[in-house]
Amino acid sequence: MIGMTRTTRRKHGLLLGGAGLPIFGLLFAWLVFLSPISAEAGDNDWEWWLWSNTDLIREDDFRLHLYLDQRLAEERGSYVQIASPRAKWRLHPNFDLGLGASVLSIEKGNTGSYYAQARPELELNPFFSLGENGSVHFRNRIEARWTEFSGDPLMRTRHRIKLTWKNLDLGPISGFYVNNEWFIDWERGEWSEDRLIPAAFTIDLGDTGAHLDLFYMLRFADRGSGWERDHVFGTFLRWSL
């Protein structure tokens, strides 16, 4: 959450006191075990994702940051790079508005041939506290994708529920989160992808204020021949200038 102190969260957040942990556990079980397409998908590939997020401006009600993303699929051999400046405004103690402008470089399979894609983004993100240490965050994003910066845009929406638990006393591990994100392709008129992270751990990097997340993702995707399941291992470095 953007520049919000614990006192502010207590005043404005939805605090559930001792009920926070049980509710977190129930939501956790729902996200992990009720991914609806998990039984239909077959194993396909292993992927390695590297994310980073740099806060350029961070104020109480505004945040400007740069998101970078690199992805490599082992079997397909495809390589994806993303650079995305993003801005978020705190419009309400429990609601953010976000704008982004992503540029992607996407390899066509394992060919060494790449194409570019432009992707403006709009986000509407409510969030709430679950007791002192838990939170639930809903990210709702609409994306317009222009391949090679021309033609009609391909539209899709993405809907993610993220559960976070912080202030853990587990040595270097200070937090834990789980999330699930569903993709809806407007051109096909159907659900096209599901990204389930059943386990992610946050490590505080000393007194620098930086954090490193280590995560495992089950990525379910319909690439035209039925649902496939990829196993993704990744890191997410978050820090401020």
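K162 lies over the face of Y177, with 4.3 Å to the ring centre. A charge counts as sitting over a ring if NZ of Lys or CZ of Arg is within 6 Å of the ring centre and within 35 degrees of the ring normal. R238 also has its charged end over a ring, that of F236, at 6.0 Å from the centre.

The model is predicted, so local features need pLDDT of at least 70 and side-chain atom pairs count only at pLDDT 80 or more, while totals for chains, interfaces and linings use all residues. Residues are numbered from 1 along each chain as its sequence is written, and side-chain values use heavy atoms, with hydrogens and water left out.

**Aromatic pairs**

There are 11 aromatic pairs in the structure. Rings of Phe, Tyr and Trp (its six-membered ring) pair if their centres lie within 6.5 Å; planes under 30 degrees apart are stacked, over 60 edge-to-face, and the rest tilted. W49 and W51 have ring centres 6.0 Å apart and planes at 45 degrees, so this pair is tilted. Y67 and F236 form an edge-to-face pair, with 6.4 Å between centres and 85 degrees between planes. Because Y67 lies in strand β2 (residues 62-73) and F236 in strand β11, the pair ties together parts that are 169 residues apart in sequence. Helices (H or I, at least four residues) and strands (E, at least two) are DSSP runs numbered from the N terminus.

Are Y67 and F236 buried or exposed? Both Y67 and F236 are buried. Buried means under 20% relative accessible area, exposed over 50%, and partly exposed in between (1.4 Å probe, protein chains only). W49 is buried at 0% relative accessibility, and W51 is buried at 14%. Ring pairs join W49, W51, Y67, F215 and F236 into a cluster.

**Salt bridges**

The count of salt bridges is 21, where a bridge is a side-chain nitrogen of Lys or Arg within 4 Å of a carboxyl oxygen of Asp or Glu. The table gives three of them.

| Salt bridge | Closest N and O atoms |
|---|---|
| R71 and D69 | 2.8 Å |
| R158 and E143 | 2.8 Å |
| D213 and R238 | 2.9 Å |

Where do D213 and R238 lie? D213 is in strand β10 (residues 211-222) and R238 in strand β11, 25 residues apart, and the pair links distant parts of the chain. D213 is buried, with a relative accessible area of 1%, whereas R238 counts as partly exposed at 26%.

In the pair of R71 and D69, R71 is buried with a relative accessible area of 14%, and D69 is buried at 1%.

**Strand pairing**

Two strands pair if DSSP finds at least two bridges between them. Strand β2 runs antiparallel to strand β3 (residues 79-92), and 11 bridges join them. F62 stands opposite W89 in β3. The hairpin of β2 and β3 has five residues between the strands, and G77 there takes a positive phi near 75 degrees.

Strand β3 is in turn joined to strand β4 (residues 95-107) by 10 bridges, again antiparallel. Q81 stands opposite S105 in β4. The hairpin from β3 to β4 passes through two residues.

**Nonpolar surface**

L56, I57, L205, L237, W239 and L241 make a nonpolar surface patch of about 520 Å². The elements giving two or more residues to this patch are β1 (42-58) and β11 (227-240). Patches are made of residues with over 30% relative accessible area and no salt bridge; like charges are joined within 9 Å and nonpolar side chains (Val, Leu, Ile, Met, Phe, Trp, Tyr) within 5 Å. Accessible areas come from the Shrake-Rupley method with a 1.4 Å probe; for residues, only the protein chains shown count as cover. L56 lies in strand β1 and is partly exposed, with a relative accessible area of 43%.
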